[in-house]
Amino acid sequence: MPRLNKVISHKLLPFALITLLLAGCSNTASTPEGQAPRDDANSITVYKSPFCLCCNDWIVHLENNAFSVASENGLDTASVKQRWGVPATMQGCHTGVWNNQYVFEGHVPARLIRQFLANPPKGSIGLAVPGMPKGSPGMYRGKDFEPYIVYAILPNGEYRFYEKVTAPEAS
């Protein structure tokens with residue numbers, strides 16, 4: 001039996017190394033645990049899995065559109081979504097929080113974040129792009145664009161239509 005454990009360990013070693021490398025690949029700054037987000041009109045803290053590549057692409061989209069981004073890499077993003085009241089049907093793979101006031105769930109375009117912040121719809125707590133639509137920032141790869149809908153998130157698990165995105169956003 002010990003010989004079998006060595007064989008399994010050797011076969012799993014490459015996967016373990018890849019996992020460790022991916023965990024350290026984020027090129028964004030990290031906010032220390034428990035530290036409040038910066039009080040800056042262009043600051044967003046993104047909560048994501050350390051293994052999510054499209055999350056990093058969305059962060060780059062935000063940075064290319066003049067947002068300052070800090071990322072919190074953690075495996076339990078569900079608790080962040082729950083704390084901010086993101087309905088299960090509106091969830092994406094990452095959650096952005098602006099100055100501890102508003103939540104931006106999933107691949108929300110920077111343009112719409114700015115539009116929202118300039119004039120938040122009454123009673124809304126943020127915006128959401130549920131799932132991972134091919135046409136959204138962080139998911140769009142230059143072909144096969146598919147229009148998608150952005151929703152305003154309301155308290156108590158409610159949401160409503162905000163805007164339909166019909167063309168790729170500037171990176």
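Reply: The loop between strand 4 (95–98) and strand 5 (102–106) is where N99 is found; helices here are DSSP runs of H or I with at least four residues, strands are runs of E with at least two, and both are numbered from the N terminus. This is a predicted model, in which local features need pLDDT of at least 70 and side-chain atom pairs count only at pLDDT 80 or more, while totals for chains, interfaces and linings use all residues. Residues are numbered from 1 along each chain as its sequence is written, and side-chain values use heavy atoms, with hydrogens and water left out.

Back to N99: its phi is near 45°, a positive value in a residue other than glycine. N99 has a relative accessible area of 13%, so it is buried (buried means under 20% relative accessible area, exposed over 50%, and partly exposed in between, with a 1.4 Å probe and protein chains only).

Another residue that is not a glycine, A66, has a positive phi of about 70°. You will find A66 in the loop between helix 2 (53–64) and strand 3 (68–73). Helix 2 also holds L62, which counts as buried because its relative accessibility is 0%. Setting aside neighbours within four places in sequence, L62 is in contact with I44, V46, F67, V69, A110 and I113, where contact means heavy atoms within 4.5 Å. L62 and R111 are 49 residues apart in sequence, and their C-alpha atoms are 9.2 Å apart in space. F67, one of the contacts of L62, has R114 over its face, at 4.2 Å from the ring centre; a charge sits over a ring if NZ of Lys or CZ of Arg is within 6 Å of the ring centre and within 35 degrees of the ring normal.

Now for the rings. W98, Y102, F104, F116 and Y162 form one aromatic cluster. A search of the whole structure finds 7 aromatic pairs (rings of Phe, Tyr and Trp, the last by its six-membered ring, pair if their centres lie within 6.5 Å; planes under 30 degrees apart count as stacked, over 60 as edge-to-face and the rest as tilted). Y140 and F145 make an edge-to-face pair, because their ring centres are 5.9 Å apart and their planes stand at 80°. Y140 counts as partly exposed at 27% relative accessibility, and F145 counts as partly exposed at 22%. Y151 and Y159 are also edge-to-face, because their planes are at 85° with the ring centres 5.6 Å apart. Y159 counts as partly exposed at 37% relative accessibility.

Y140 leads us to an opening. The second largest pocket has a volume of about 170 Å³, and 13 residues line it, with P137, G138, Y140, E169 and S171 the closest to its centre. Its lining divides into 4 nonpolar, 6 polar and 3 charged residues.

Finally, a step back to the chain. There are 4 helices and 8 strands, running α-β-β-α-β-α-β-β-α-β-β-β from the N terminus on. Buried residues make up 43% of the 171 residues. Of the contacts with a separation of 6 or more, 61% come from residues 24 or more positions apart.

Methods:
On a 1 Å grid over the protein atoms alone, a cavity is a set of points where a 1.4 Å probe fits but cannot get out, and a pocket is an open set with protein on both sides within 12 Å along at least five of seven lines; lining residues have an atom within 4 Å of a point. Grid points are joined across faces, edges and corners, and a volume is the space filled by probe spheres set on the points. Ala, Val, Leu, Ile, Met, Phe, Trp, Tyr, Cys and Pro count as nonpolar, Asp, Glu, Lys and Arg as charged, and the others, Gly among them, as polar.
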